[in-house]
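Dear colleague,

Please find below the structure that I am handing over to you.

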Amino acid sequence: MTAPAAALPIDLGLDIEKMEKVAFILKTTAHPTRIGIVQLLAAHDSLSVTEICERLGGAEQSLTSHHLASMKLKGLLSSSRQGKNIYYSLKMREVITVIQCLAGCTAL
């Protein structure tokens with residue numbers, strides 16, 4: 001008796017570099033607040049922490065700041081200071097494409 005043949009991996013048309021980039025984006029944005037931040041920054045050139053909190057329905061500022069700092073540290077966002085406010089914008093625009101692909105997924 002022979003062992004059943006192993007299932008062949010599904011070819012998603014992604015090369016190793018693309019797979020690593022997609023995995024990085026998914027890991028970095030794997031929280032509802034972070035996805036909300038990405039969606040807001042995709043629609044606006046830049047927003048302050050206060051504006052982001054308000055548009056996320058009154059999200060806690062310290063938690064939002066933590067998410068922003070983490071995404072900035074990982075290279076997804078950039079920031080600039082204007083007076084007392086820090087404004088964030090998307091630095092890695094590919095994140096929008098990944099989130100849009102997931103949003104359009106009919107399996108979810």
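Which residues does Thr 33 touch, not counting residues up to four places away in sequence? Thr 33 touches Leu 56 and His 67, where contact means heavy atoms within 4.5 Å.

Before going further, please note that this is a predicted model, in which local features need pLDDT of at least 70 and side-chain atom pairs count only at pLDDT 80 or more, while totals for chains, interfaces and linings use all residues. Residues are numbered from 1 along each chain as its sequence is written, and side-chain values use heavy atoms, with hydrogens and water left out.

Thr 33 belongs to helix α2, which spans residues 32-43. Helices (DSSP runs of H or I, at least four residues) and strands (runs of E, at least two) are numbered from the N terminus. Thr 33 counts as buried because its relative accessibility is 17%; buried means under 20% relative accessible area, exposed over 50%, and partly exposed in between, with a 1.4 Å probe and protein chains only.

The salt bridge

A search of the whole structure finds one salt bridge, that is, a side-chain nitrogen of Lys or Arg within 4 Å of a carboxyl oxygen of Asp or Glu. It is formed by Glu 94 and Lys 21, whose closest N and O atoms are 2.9 Å apart. This pair links distant parts of the chain, for Glu 94 is in helix α5 (residues 94-103) and Lys 21 is in helix α1 (residues 16-28), 73 residues apart. Side chains of opposite charge can pair when their charged atoms come close. Glu 94 is partly exposed, with a relative accessible area of 35%, and Lys 21 also counts as partly exposed, at 36%.

The largest pocket

A pocket is found on a 1 Å grid over the protein atoms alone, as an open set of points where a 1.4 Å probe fits, with protein on both sides within 12 Å along at least five of seven lines; lining residues have an atom within 4 Å of a point. About 190 Å³ of space lies in the largest pocket, the volume being the space filled by probe spheres set on the points, which are joined across faces, edges and corners.

Met 92

Met 92 is found in the loop between β3 (85-90) and α5. Met 92 counts as buried because its relative accessibility is 15%. Leaving aside neighbours within four places in sequence, Met 92 is in contact with Lys 21, Phe 24, Ile 25, Gly 75 and Leu 76. Met 92 and Gly 75 are 17 residues apart in sequence and 6.9 Å apart in space, C-alpha to C-alpha.

The sheet

Three strands form an open sheet in the order β1-β3-β2, with antiparallel pairing; two strands pair if DSSP finds at least two bridges between them. The edge strands, each pairing on one side only, are β1 (47-48) and β2 (77-82). Two bridges join β1 to β3, and Leu 47 has Tyr 88 in β3 as its bridge partner. Six bridges join β2 to β3, where the bridge partner of Ser 78 is Ser 89 in β3.

Yours sincerely
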